[in-house]
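Dear colleague,

I am passing on the structure below, and my notes on it follow. Please read them with the coordinates open.

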Amino acid sequence: MEQKISQLELAAKMAKRTGITKQDTENFVRIFFETIREGLMQDKLVKVKGLGTFKLIEVSDRESVDVNTGERIRIEGHTKVTFTPDASLRDQVNRPFSEFETTVLADTTSQEEMERIETPVQKPEPKSEPKPEPKTEPKPEPKPEPKPDPKPVQKPAQPEKEKKAAEQKAPVVAAPVQQSEGSSWLKWLLVIVLLCVVGGVCYYFGTQRGAMEVTEPAVDDEPVVEEEVIVAEPTPEELAKNYPQVEGGDYWIVGEVCVHEMQVGEGLLKIARKELGNSDLMEYIVVFNNIENPDIIPPGAQIRIPRMVRKNK
Amino acid sequence: MNNKEFLSSVMRKGQFPSRVVNQQVAALVSELTAALEDEQTVSISSFGNFEVKKRLERVIVNPTTGQRMLVPPKLVVAFKPSQILKSKI
């Protein structure tokens, strides 16, 4: 369909449509475009409804290189005519493709590229944070185990079991002391070893607690929410009572997705955009984390990302 | 120069009654649009050519968010001023 229509053909079509004589129409078309030219020279801008805007744009001098000779040449400044089609004309012409819209590429397709473009550190972190940490915690446990032989079983335990272990050890320690009067060095040795073990265990759990305090929210909260969902399937509103809420917001905060560690140069807006998909939802992070001043957040701060459910209205 | 001023200066220049001008402009615009819709080039002597160009789809990256977006292919109207128009301006 690639063909040219001349001014005369255009005029002929118009004449058919309006019923005005061909000659008059041709005359009109000539005057129409001549007026545009005059208007351009006068105002540097002509708007024609249904067609578009013609504009004169000044181009200043610039230097360039002659492609053939490699010499530097100077392109003189000039004015050029630009044409921006009216919305109606633009849409009409683009009708075959009108059903297409600009789409955000899905994460699955973009990830490989994203990792190449962005710093590779940032992207994996928020996702891997909640999961690997509980897994890595059990790992350090086996290390101290091989040394003290007697009680390897009780150690991979939570604070509760730790108490039990301490209780169990206490009588053991006490017993040898009573019997020790006439006993051999072996028993003393055993006591000392036990004391060392107890001390080691205490020290170990002390350090572990420190570590757990940091990650506790990620470890503890998630299972709680899941259990509740399985048991009673509470409505988002009921779940929402456990968390601070944004007044008048469109979403309930019903839990926690993960913990995000602030990087240098990151702001809450950026995190909201990245984790929640919309920087307008920053308010939810502020409320969820009880942040007083959203503008000042130190790098390395742990920001909890809320799980959100849209309110039904 | 907006549409109103433009139409009145067309009227003055061609000594047309305003009814005729309105009718003719409407016809011109719709015929031009129809021609462009068929991907035909409309050439107006001593003014320039209106033609339709295809733009391929492309991926853009929002520099602030790093979000990648796919811009669909589209057809756009391009205007290429003639040498006569260029030299007059």
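Thr103(A) stands opposite Leu70(B) in E4(B), a pairing in which strand E7 (residues 103-104) of chain A and E4(B) run in the antiparallel sense over 2 bridges; strands (E, at least two residues) and helices (H or I, at least four) are DSSP runs numbered from the N terminus, and two strands pair if DSSP finds at least two bridges between them. This is a predicted model, in which local features need pLDDT of at least 70 and side-chain atom pairs count only at pLDDT 80 or more, while totals for chains, interfaces and linings use all residues. Residues are numbered from 1 along each chain as its sequence is written, with chains lettered from A and ligands numbered from 1 in the order in which they are written.

Within chain B, E4 (residues 68-71) is also joined by 4 bridges to the antiparallel strand E3 (residues 58-61), with Val61(B) opposite Arg68(B). These two strands form a hairpin with 6 residues between them, and Gly66(B) in the turn has a positive phi of about 75°.

As for the interface, 57 residues of chain A and 46 residues of chain B take part in the contact, two residues being in contact if their C-beta atoms, placed from the backbone, lie within 7 Å. On the side of chain B that touches chain A, the elements giving two or more residues are helix H1 (3-14), H2, E1, E4, strand E5 (74-81) and helix H3 (83-88) of chain B, and the largest share, 11 residues, comes from H2(B).

With best regards
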